[in-house]
Amino acid sequence: MINAMEAPPAPNNGGGGKDRPGGKSGPPIVGGGGGGALPIAVRDLTVAYEDKPVLWDVDLDVPPASLMAIIGPNGAGKSTLIKAILGLVPAAAGDVTIFGKPYAQQRRLVGYVPQRGSVDWDFPTDVLDVVMMGLYGKIGWLVRPGRRERQTAMDCLEQVGMAAFAKRQISQLSGGQQQRVFLARALAQDTRLYLMDEPFAGVDATTERAIVALLHTLRADGRTVVVVHHDLQTAPEYFDHVALLNVRLMASGPMATTFTPDNLQRTYGGKIAFLDKSPHPPSPSPDGPAARVGERVPLAGSVAAWREVGDACVAPTAGVDVGATHASPASSLPSSSPSPAAPGEGEGG
Amino acid sequence: MNSIQVIALVAVLAATSCALAGVFLVLRRMAMMADAISHAILPGIVAGYVLARGPNVFVGFLGAAGAGLLTVFLVETLVRSRRVKEDAAIGVVFPALFALGVFVISKYLPNVHIDAEHVLMGDITFTPFDPLLLGGRDYGPQALWALGSLTLINALFLTLFYKELKLSTFDAGLAAALGFAPAALHYALMGVVAVTTVGALSAVGAILVVALLIVPPATASLLTRRLPPLIALSLAVGVAGALSGFYLATLWDVSISGMIATMLGVLFGVTFLFAPRQGLVAQAVRRSRQRQQFATEMLLVHLATHEGTDAEATESDPAHLHKELHWQPQAIRDTIDRASDEGMLEERGGALHLTDRGRDRAGEVAER
């Protein structure tokens, strides 16, 4: 599982400009504007709904040209963190800077991919029109997009393999296609920093690979991408940095040193099942896989795959041994996962 | 202009102003808000009456528009509290405001006559005789001025903020992140709806206002899934309902507002049934065609499966299909006829034989 991605990324100046959507002459992506300031610096951020804290005193630094996953259980405040960074939910306390300045002054530097389910896909419009929405920030109030914007949007659709769908009604798209359209829209924003809320949720395997490739292209271009991610199994493979969140920030930093069983255990409390991802197929004996699933942290630093267990099948009280609540581990895992007997297969297409 | 023409023009302008204001209301799934605003403006009118110490068009107008926005604000506040859902919030707010208006009238303004039928149905018949008087000069019917300006204002609002309205309706999160102030835009839109409702209410009444706001966009969205044609069709449906309703009302001597609202309902119903793609009839035809096509494909695949095997003779006997595929004899006959019309199979010596074309087709079907 150790691969090049886990090495600290070197900001890539040489590749600047290649694959930039639209090919416009904007400010340089790397090293411009904010000087040496971090893409995102969060200080003491607290967000509360009424009197219930959703985020509690979060400090987070996102280094330049990193691919960071935000990971944590349901209700950990992952989406809220992204929305608070973008000023979409008010902060009760704390401070967020984007390349050294408040977000309101840096809107043009930040691209946002909301959750796919947060918008109305029955809205009467087509794919190209949605992608052009990514350009509205540059166009500004009252002005209408023109031919140049259409061309830029087409180029971005091309990059996600959706050019043939430009005139398609958005209500006729599959989940994976919807997500690609959202990514094309983000590319149209052409920003130094991207915040994406669960771009992998409910997409097919092909789209998932396409998104990963796109994320890596963005990073190679010197851009920074922060992604709310749900799948513990793929996180170390896709990302080079991680922030582990459960209302409080449990840990953040490079994947290799942060994504440890210890930190995961602290983040998920009793809500995690560990699956041993053995390089050899497990023995077919029925007690083989069953015995392994549900063990509490059976491994320290060894090659392992993790899966978050859905809330529905988790005992509400913390500290309960997960194994005890899972008489039938295979059936209680998320539906997308294969049986524990074949752990390496991932999401089938 | 004679009074017939004035009334027709008032109806058309009410239709255009409302259709323009209603498009984004319907797209935002806030159609019920029109109903709420149209009722909740009563306390605003009353407040205007009290403030101006008598009936005053402008103060009453401002009071009513303010009450409309207050309705929106109260509903949103309740929804944001997460303790009341939007439909219930609307149902809580507008009867309370309406009742407040009724209470104030009956308690403190016993001499003010407010007629229920007037509020519901309006008095479009009298609009030609209610002139706009400024400095003693008669500038023509007041309703024409009011609804004409509203149509212009709404058209301007939609044209100027088309891109912003579209983005904030489709994806409020991105709109906010890009700095397009979707909340402000939302209140601006609600303000437009409130002002339009107030302006149209005195001419055409509460029921017709709601009908004119909601029915044209709802009908148009059965006909198109693109925004510019949707706006154009909303206008067309509104005007068609206004003119046909007005014509039939004079023909049969019935309430003009009532007839326009009825015609809008008829237009919607007809569209719902006969819309080219999304209509019930078109859907039924499409489903039936798909069923027929699938039956043909099933037959072809069945024949292809057994082609060249020992069982071919029995399997390709039409009589056998009844037992095998559990189809009714008539359905088998129809499917065979259709397939041979399309050159997919031939019937020779009481057995069915695939043509090359039919074999290719069966292969394609089995592929997918």
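Colleague: Where is D190(A) found?

Modeller: D190(A) sits in the loop between α5 (175-189) and β6 of chain A. Helices (H or I, at least four residues) and strands (E, at least two) are DSSP runs, numbered from the N terminus. This is a predicted model, in which local features need pLDDT of at least 70, side-chain atom pairs count only at pLDDT 80 or more, and totals for chains, interfaces and linings use all residues. Residues are numbered from 1 along each chain as its sequence is written, while chains are lettered from A and ligands numbered from 1 in the order in which they are written.

Colleague: And what is the phi of D190(A)?

Modeller: Near 50°, a positive value in a residue other than glycine. Most residues other than glycine have a negative phi.

Colleague: Does D190(A) count as buried or exposed?

Modeller: D190(A) counts as buried, because it has 23 C-beta neighbours inside 10 Å. The cut-offs are 20 or more other C-beta atoms within 10 Å for buried, 12 or fewer for exposed, and partly exposed in between, with C-beta atoms placed from the backbone.

Colleague: Which loop holds F99(A)?

Modeller: The loop between β4 and β5 of chain A. F99(A) is not a glycine either, and has a positive phi of about 45°. F99(A) is buried, since 23 C-beta neighbours lie inside 10 Å.

Colleague: Let's do sheets. What is the order of the 6 strands in the mixed open sheet of chain A?

Modeller: The order is β5-β6-β7-β3-β8-β9. Two strands pair if DSSP finds at least two bridges between them. β5 (110-113) and β9 (248-254) of chain A are the edge strands, each pairing on one side only. Neighbouring strands are turned by 15° against each other on average, direction ignored. For angles, axes are lines fitted to C-alpha atoms, for helices over the stretch in contact, and the angles run from 0 to 180 degrees between N-to-C directions.

Colleague: How many residues of β7 in chain A are buried?

Modeller: 5 of its 5 residues, 224-228. T224(A), V226(A) and V228(A) are buried on one side, and V225(A) and V227(A) on the other. In a regular strand the side chains alternate between the two faces of the sheet.

Colleague: How many bridges join β6(A) to β7(A)?

Modeller: There are 5 bridges, and the two strands run parallel. D197(A) has V228(A) as its bridge partner, and M196(A) stands opposite V227(A). The chain gets from β6(A) to β7(A) through helix α6 (residues 205-220), in a right-handed β-α-β crossover. Right-handed means that, with the strands pointing away from the viewer, the path from the first strand over the helix to the second runs clockwise.

Colleague: Which strands does α6(A) lie across?

Modeller: β3, β6 and β7 of chain A, running at about 150° to β7(A). Contact here means C-beta atoms, placed from the backbone, within 7 Å. Helix α1 (residues 78-85) of chain A lies across β3, β6, β7 and β8 (241-246), at about 145° to β6(A).

Colleague: How many bridges pair β3 with β7(A)?

Modeller: β3 (residues 67-71) pairs with β7(A) over 4 bridges, in the parallel sense. The bridge partner of L67(A) is V225(A).

Colleague: What about the open sheet of 3 strands, in what order do they come?

Modeller: β2-β1-β4, with antiparallel pairing, in chain A. β2 (52-62) and β4 (93-98) are at the edges with a single partner strand each, so one side of each is left without a neighbour in the sheet. The twist from one strand to the next averages 20°. β1 (residues 40-49) is joined to β2(A) by 7 bridges, and V42(A) has L60(A) as its bridge partner.

Colleague: Switching to the cores. Which residues touch the most other members of the largest nonpolar core?

Modeller: V10(B), A11(B) and A14(B), out of 85 residues. A nonpolar core is a set of buried Ala, Val, Leu, Ile, Met, Phe, Trp, Tyr and Cys residues joined through C-beta atoms within 7 Å. Helix α10 (residues 182-223) of chain B gives the largest share, 21 residues. Apart from this core lies another, of 84 residues, including V58(A) and M133(A).

Colleague: Last one: how is chain B divided?

Modeller: Into domain 1 (3-214) and domain 2 (281-367), with bounds from an automatic or database domain assignment. Their C-alpha centres lie 61 Å apart.

Note on methods. Two residues are in contact if their C-beta atoms, placed from the backbone, lie within 7 Å.
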